[in-house]
Amino acid sequence: MLKPKEINTENKSKKRIYLSSPHMSDEGYEKQYINEAFETNWIAPLGKNVDEFEKELAAKVGIKAAAALSSGTAAIHMALKAAGVGEGDIVFCPTLTFAATANPIIYQNAIPVFIDSDYETWNMSPEALEEAFKKYPKVKAVLVVHLYGLSADMDKIVEICKKHDVQLIEDAAESLGTTYKGRYTGTIGDYGIYSFNGNKIITTSGGGMLVSDNEERIAKVRFWATQARDNARHYQHSELGYNYRMSNVIAGIGRGQLKVLDQRIEKKRYIFDFYKRELGCIDEIDFMPVNDWNKPNCWLTCITLTGKVRPLDVIIRLEEENIESRPVWKPMHMQPFYQHYDYIGSNVSEKIFENGVCLPSDTKMTDEDLYRVVNIIKGLWK
Ligand SMILES: *Cc1c(COP(=O)(O)O)cnc(C)c1O
């Protein structure tokens with residue numbers, strides 16, 4: 001990769017455009033639910049907002065049970081534990097993702113094996129996954145990610161997991177609202193997780209949710225996540241516990257945000273279409289793949305560059321105009337912390353990383369803001 005050049009800061013006074021920032025409802029739903037928590041003094045990691053947020057989200061995506069947790073990372077950790085992943089177990093995980101996908105595998109003292117992406121989905125390649133099963137026949141779980149709101153090729157991945165009798169966990173942190181053949185991502189495997197971190201499509205400032213049709217396992221996760229307190233008057237523990245529950249105040253923000261999820265998705269798709277319309281004519285720009293079975297939430301619009309203009313040229317040029325953009329996630333098998341773990345594939349993820357840029361996809365952007373971004377990018381080809 002190129003070294004960052006000096007950034008010219010003369011344009012810092014121009015209106016800042018963010019990659020993806022929190023966007024509360026115009027109606028103030030979030031504050032109403034927070035006020036309710038204050039009025040009833042339920043300022044605890046328990047209470048009506050938590051229960052209702054779980055029910056409302058489960059109903060929205062069409063699944064039986066949900067556990068509201070302190071982060072998406074905590075939700076992945078609990079999903080792995082619920083799936084029985086423990087010391088020395090192998091977990092297949094895509095290499096092209098955020099480190100938060102892989103880290104909980106290490107929390108469980110398990111072993112990640114990184115799987116390459118394909119160009120059709122940018123997500124876990126079913127072919128590479130099959131390859132991986134040839135090398136490692138004994139695997140505890142497959143952790144699939146739906147990157148940037150694009151869904152993975154789930155029919156093939158589900159089939160492979162069934163064939164090998166392995167639990168499937170979906171990291172849908174970036175893809176709440178994305179559907180794959182009409183079903184919401186996060187509800188197709190054995191477990192799914194969502195994140196409500198500040199930059200995600202809806203946010204609670206920080207938080208996550210674990211979902212499953214297995215109500216008994218979700219009840220178990222709620223138990224682990226509240227310090228694993230046995231049902232006894234004295235403090236008794238027969239299992240290792242965690243303090244991973246979502247607070248009742250935060251859950252109020254989530255309930256409000258859930259009401260505007262569809263609006264946010266609509267705007268994210270509008271942004272994707274806008275960029276595609278305005279930049280699609282440049283031969284050296286390719287857009288992230290959208291398949292006909294995939295109705296993405298378009299959390300971020302990402303492009304790859306095939307010519308002389310490089311990702312860092314775009315990122316630096318936008319930064320000079322006070323506009324935030326980002327490289328695509330750096331693959332896990334290229335990370336200093338993870339490079340010692342095995343990687344199965346043919347370097348598709350490296351290519352996407354080398355050529356990829358995430359464009360500003362903030363739902364508060366106006367058409368004027370979008371034109372500003374588009375014109376700056378077009379200028380790089382003049
Ligand atoms: C954001 C994110 C997470 C982690 O979610 P947090 O709520 O920030 O802990 C996990 N996986 C992916 C792919 C993410 O983008």
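The model is predicted: local features need pLDDT of at least 70, side-chain atom pairs count only at pLDDT 80 or more, and totals for chains, interfaces and linings use all residues. Residues are numbered from 1 along each chain as its sequence is written, and side-chain values use heavy atoms, with hydrogens and water left out. The domain assignment gives domain 1 (29-258) and domain 2 (261-381); such bounds come from an automatic or database domain assignment. The rule for salt bridges gives a count of 21.

**Domain interface**

- The C-alpha centres of domain 1 and domain 2 lie 25 Å apart.
- The contact (heavy atoms within 4.5 Å) takes 48 residues from domain 1 and 43 residues from domain 2.
- Domain 1 and domain 2 bury about 3,900 Å² between them, with 64% of it on carbon and sulfur atoms. Buried area is the accessible area (1.4 Å probe) that two parts lose on being put together, summed over both.
- The rule finds 28 residue pairs in polar contact across the interface, both residues at pLDDT 80 or more. A polar contact is a pair of N or O atoms within 3.5 Å; within protein, one must be able to donate a hydrogen and the other to accept it, and residues adjacent in sequence count only if both atoms are side-chain atoms.
- On the side of domain 1 that touches domain 2, the elements giving two or more residues are α4 (99-107), β3 (111-115), α5 (126-135), β6 (179-180) and α8 (248-259). Helices (H or I, at least four residues) and strands (E, at least two) are DSSP runs, numbered from the N terminus.
- Strand β3 gives the most to that side, with five residues.
- By class, that side of domain 1 has 25 nonpolar, 13 polar and ten charged residues. Ala, Val, Leu, Ile, Met, Phe, Trp, Tyr, Cys and Pro count as nonpolar, Asp, Glu, Lys and Arg as charged, and the others, Gly among them, as polar.

**Salt bridges**

- A salt bridge is a side-chain nitrogen of Lys or Arg within 4 Å of a carboxyl oxygen of Asp or Glu.
- Across the interface of domain 1 and domain 2 the rule finds two salt bridges.
- Lys-135 pairs with Asp-342 in a salt bridge, with the closest N and O atoms 2.7 Å apart.
- Glu-56 and Arg-255 form a salt bridge, with the closest N and O atoms 2.9 Å apart. Glu-56 lies in helix α2 (residues 48-61) and Arg-255 in helix α8, so the pair ties together parts that are 199 residues apart in sequence.
- Glu-56 is partly exposed at 25% relative accessibility, whereas Arg-255 is buried at 7%. Buried means under 20% relative accessible area, exposed over 50%, and partly exposed in between (1.4 Å probe, protein chains only).
- Arg-317 and Glu-321 meet through their side chains in a salt bridge (3.2 Å, N to O). Arg-317 is partly exposed at 27%, and Glu-321 is buried at 8%.
- Salt bridges that share partners join Lys-14, Arg-317, Glu-320 and Glu-321 into one network.

**Helix α10**

- Helix α10 (residues 311-320) is mostly covered, with eight of its ten residues buried.
- The buried residues include Pro-311, Leu-312, Glu-319 and Glu-320.
- The cover over these buried residues includes β12, β13 (326-327), α11 (348-355), β15 (356-359) and α12 (367-379).
- Just after α10, Asn-322 takes a positive phi of about 65°.

**Positive phi in loops**

- Most residues other than glycine have a negative phi.
- Tyr-148 has a positive phi of about 55° although it is not a glycine. Tyr-148 lies in the loop between β4 (141-145) and α6 (154-163) and is buried, at 0% relative accessible area.
- Cys-298, also not a glycine, has a positive phi of about 55°. Cys-298 lies in the loop between β11 (294-295) and β12 (301-305) and is buried, at 3%.

- Val-290 sits in the loop between β10 (285-287) and β11 and is partly exposed, at 37%.
- Leaving aside neighbours within four places in sequence, Val-290 is in contact with Leu-150, Phe-272 and Pro-296.
- The C-alpha atoms of Val-290 and Glu-120 are separated by 8.2 Å, with the two residues 170 apart along the chain.
- Ser-21 is found in the segment before α1 (29-39) and counts as buried, at 15%.
- Not counting residues up to four places away in sequence, Ser-21 touches Gly-198, Asp-362 and Lys-364.
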